[in-house]
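Please look over the sequence and the model below.

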Amino acid sequence: MANVIVVGMQWGDEAKGKVVDYIAQDADFVVRYNGGNNAGHTVVVGDEVYKFHTVPVGALHDNVTAVITDGVVLDPKVFVGEIKGLKERGITADRMKISGNAHVIMPYHRLFDQLEEERKGAKKIGTTGRGIGPCYADKMSRTGIRIADMIDPVRFRDRLRANLELKNEIITKVYGGQPIDEAEVYAEYSQYAAAIAPYVAETYSILYRASFDCANIVFEGAHATLLDIDFGTYPFVTSSHCVAGGATIGTGVAPTMIDRVIGVAKAYTTRVGAGPCPTEQTNEIGDKIRERGNEYGTTTGRPRRCGWFDAAAVRYSAQVNGATCIAVTLLDVLSTFDTVKICTGYTVDGKEIRDFPADAYILEKAEPIYEEMPGWHEDISEIKSFEDLPDNAKSYVARIAELVETPICMVGVGPRRDQSIVLDPEMLSK
Ligand code: GDP
Ligand code: IMO
Ligand code: MG
C-alpha cells in the first residue's frame, strides 16, 4: 500500500468514512488531521452502523492504529463518550495515539459558537454548535489550551484561569450571560485528562518512522474542500484546513511522503448549513434525493440541502487537492430518475464561466449550466462490478470523470462496506 489521503470534494458527508474504512482493511494507521466533532463519519458493517465524530474510523480494524494529530480540535467529553460507546460494542481503541499539540474544545468555545450564531441572526453560518470556530480562533491567537496543557494539572490551572479571566468578561459584559465557574471546569476536565493521558504520544514521530518502515497510512479528511477555511465558500466554511494539504500541516508528515489523494464525491450535491449551493433543488427533485439518500446530518440530524452534481465545483476540488482519483459515492440514490443533470459551469451576470468561483458572493449569483443525461431505473445496490451497472449509470460516471478531469477508482452503491465497486485497486492504495 502507500500513504493515502482521503478528502471530501464537496460540502461534506461524501461518505469519506466508508471509503476510509474500505481502504483501512489493508492499512496500519488511520489518521484524523483536521476538524473536530463537527464531523460525522458513518461506517456500516453488515447490520452494524457506527457513527464516528472524533475517533478515526480505522479504530474498527484490529490491524490499524488510530491516530489523532496536531491539526485536530478535540472535545474531551465527546471523545471519552465515543471511546466508551465503542468499548461497549467490543471495540477497544487501546492503541490509539493523540498528539499533545491538538487543541482542546472548552465549554466557553461551545458557548461562544452558539452566542455568535444567535448574534448573527439571519446571517448565521449554521454551524454545528460544537465550538469549533472559537477553539481554532484561540489556537490562532495563541491563547488556546492544548492536550499537553490539559494533562498537566499545574499548566492546566494556569491556562484555564488566564482564559476565563477574559472569556468571563466577554460572556457577562458583551453577551449578558452567566460566568463560567473555574473550579467546576477544572474538576470536570481533570477527569477527562486522566482518561486521555494514556493515549498521548509524539504522533509526528510515530508516523515519520512508520513511513520509513513502509507502513500504510490513511489520512482521514474531515468536512470537505468547499468547507475549507481558505479554499471553501468563505465565510460559510468550517475553521480548519480540510484540503489534502491539511494532512501535512495537521500531522507533520511532509508532502513528499504522500503517495495518493483520493477525492470523495457524491453522485449529486448536498450541503448542510448556510451558504451558496448553485445546484440545490428546493423542489421535489431535492426532496426525492434527500429521502432516497437518507440525507440527514450524522452530527446534528439536520436535513441536508440536496441538488444535482456540480462538476465545476468538483473539478476545482480535484485541482486544489491534487486528486489522483475519485470515489463516486451514493450512485444508487440516483436510480429511478428519468433523467439526471450535471452542472458543467455557470452564468454569472450574463457571462458564462467554466471555473468554480470560490468567492461566496459571486457563487451566490451563479446560475448553473446543465447537461442532461438519461437516467436508469434499476436497483444497483447489489451490483459488484462496474461492467454490470446499467449503461446509463456507466455513462453518467464516465461523464463525471471527463468533466472533473480525474479518473474514477471506486463507485459506491450502498452504505455497507461491501457495497463498493472498485474499478482499479492500484489507484486506491498502491
Ligand atoms: P462522511 O462524513 O463523508 O463520512 O459521510 P457521512 O457518514 O456523514 O454521510 C454519508 C452517508 O451515506 C452515511 O449515512 C453512509 O452510511 C451513507 N453511504 C455511504 N456510501 C453510500 C452509498 O454508496 N450509497 C448509499 N445509499 N449510502 C451510502
Ligand atoms: P463531515 O466530516 C457537513 C458545516 C456546518 C456549517 C459549517 C461550519 O461529516 O463531512 P462548524 O461547526 O464546522 O463551525 O460549521 O460547516 N460542516 C459540515 N457539513 N459535514 C461535515 O463534516 C461538516 N463539518 C462542518 O454544517 O455549515
Ligand atoms: Mg459526515
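**Metal, ligand and disulfide**

Gly-40 is buried, with a relative accessible area of 11%; buried means under 20%, exposed over 50% and partly exposed in between, with a 1.4 Å probe and protein chains only. This is a predicted model, in which local features need pLDDT of at least 70, side-chain atom pairs count only at pLDDT 80 or more, and totals for chains, interfaces and linings use all residues. Residues are numbered from 1 along each chain as its sequence is written, chains are lettered from A and ligands numbered from 1 in the order in which they are written, and side-chain values use heavy atoms, with hydrogens and water left out.

Gly-40 takes part in the metal site: its O and the OD of Asp-13 coordinate the magnesium ion (ligand 3) at 2.0 to 2.1 Å. Donors here are N, O and S atoms within 2.8 Å of the metal (3.2 Å for Na, K and Ca), and water is not among the atoms, so sites may look incomplete. Asp-13 lies in the loop between strand E1 (3-8) and helix H1 (16-24), and Gly-40 in the loop between strand E2 (29-32) and strand E3 (41-45), so the pair ties together parts that are 27 residues apart in sequence. Helices (H or I, at least four residues) and strands (E, at least two) are DSSP runs numbered from the N terminus. Asp-13 is partly exposed, at 22% relative accessible area.

Gly-40 also meets ligand 2, with a backbone N or O atom 2.9 Å from an oxygen atom of that ligand. Such a polar contact is a pair of N or O atoms within 3.5 Å; within protein, one must be able to donate a hydrogen and the other to accept it, and residues adjacent in sequence count only if both atoms are side-chain atoms. A polar side-chain atom of Thr-128 lies 2.6 Å from an oxygen atom of ligand 2, and a side-chain N or O atom of Asn-38 is 2.8 Å from an oxygen atom of ligand 2.

The cysteines come next. The structure holds one disulfide, a pair of cysteine sulfur atoms within 2.5 Å. Cys-325 and Cys-409 form this bond, with an S to S distance of 2.3 Å. Cys-325 is in strand E15 (residues 325-329) and Cys-409 in strand E19 (residues 408-412), 84 residues apart. The torsion about their S-S bond is about 65 degrees, so the disulfide is right-handed. Cys-325 is buried at 0%, and Cys-409 is buried at 0% as well.
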